[in-house]
Amino acid sequence: GIGFATFGGSQISNTSHSASVLPELSDVVALQPFFGIPTSSPFTFGGGAILKYNLHGNMDNGFHTGLGFALGTAGPPTTCFFADIFPVLGMHFSLGGHVSNLKLSFDMGPIFHVTPTFVFQLTSISAIGGASLHYMF
């Protein structure tokens with residue numbers, strides 16, 4: 001599927017949005033790559049992926065766990081490189097009815113944010129619960 005995520009811009013815990021795809025690799029595994037450019041002055045970007053494993057239910061409705069990573073630049077006021085590693089636990093479901101091709105998912109978990117200073121955060125990966133919306137083909 002193709003869609004957007006509410007994370008993945010200048011740092012994973014930021015509220016910037018990113019373009020995202022969600023190919024299902026098997027009946028229990030999906031990969032969600034994402035990329036965003038939240039600002040052009042100063043230029044910042046972020047990209048990465050989350051590998052998701054279905055724990056309960058199916059690929060349309062259920063609970064999943066996974067591991068994600070992100071790389072990019074963070075700013076302002078100063079621009080610096082960052083790397084994030086984050087295990088996730090989340091839920092996903094199809095909206096049903098006439099919009100059954102739309103899949104909504106929420107991911108949260110601890111974030112290991114590495115910049116010139118190391119930061120550990122236990123939070124959702126965005127301000128609205130790590131939400132992602134994809135149109136599944």
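Biologist: Let us begin with His64: is this residue buried or exposed?

Modeller: Please note that the model is predicted. The relative accessible area of His64 is 2%. A residue counts as buried under 20%, so with its 2% His64 is buried.

Biologist: In which strand does His64 lie, and with which side chain does the side chain of His64 make a polar contact?

Modeller: His64 belongs to strand S5. Its side chain has a polar contact at 2.8 Å, and the partner is the side chain of His92.

Biologist: How many helices and how many strands are there in the protein chain?

Modeller: Read from the N terminus, the elements run β-β-β-β-β-β-β-β-β. The chain therefore holds, by the DSSP runs, zero helices and nine strands.

Biologist: What percentage of the residues in the protein chain is buried?

Modeller: The protein chain has 137 residues. A residue is counted here if its relative accessible area is under 20%. The buried share is 42%.

Biologist: Which element gives the largest share of the largest nonpolar core?

Modeller: This core has 11 residues, among them Phe7, Phe34, Ile50, Phe82 and Ile125. The largest share is three residues, and they come from S6.

Biologist: Which element supplies the largest share of the nonpolar patch on the surface?

Modeller: The patch includes Leu67, Phe69, Phe81, Phe112 and Phe118, and its residues together have about 890 Å² of accessible area. At least two residues each are supplied by S5, S6, strand S7 (102–114) and strand S8 (118–124). The largest share, three residues, is that of S5.

Biologist: Turning to the aromatic rings, how many aromatic pairs does the structure hold, and which residues form one aromatic cluster?

Modeller: Rings are paired here if their centres lie within 6.5 Å. The structure holds four aromatic pairs. One aromatic cluster is formed by Phe35, Phe43 and Phe45.

Key: Residues are numbered from 1 along each chain as its sequence is written. This is a predicted model: local features need pLDDT of at least 70, side-chain atom pairs count only at pLDDT 80 or more; totals for chains, interfaces and linings use all residues. Side-chain values use heavy atoms; hydrogens and water are left out. A nonpolar core is a set of buried Ala, Val, Leu, Ile, Met, Phe, Trp, Tyr and Cys residues joined through side-chain atoms within 4.5 Å. Buried means under 20% relative accessible area, exposed over 50%, partly exposed in between (1.4 Å probe, protein chains only). Helices (H or I, at least four residues) and strands (E, at least two) are DSSP runs, numbered from the N terminus. Patches are made of residues with over 30% relative accessible area and no salt bridge: like charges are joined within 9 Å, nonpolar side chains (Val, Leu, Ile, Met, Phe, Trp, Tyr) within 5 Å. Accessible areas come from the Shrake-Rupley method with a 1.4 Å probe; for residues, only the protein chains shown count as cover. A salt bridge is a side-chain nitrogen of Lys or Arg within 4 Å of a carboxyl oxygen of Asp or Glu. Rings of Phe, Tyr and Trp (its six-membered ring) pair if their centres lie within 6.5 Å; planes under 30 degrees apart count as stacked, over 60 as edge-to-face and the rest as tilted. A polar contact is a pair of N or O atoms within 3.5 Å; within protein, one must be able to donate a hydrogen and the other to accept it, and residues adjacent in sequence count only if both atoms are side-chain atoms.
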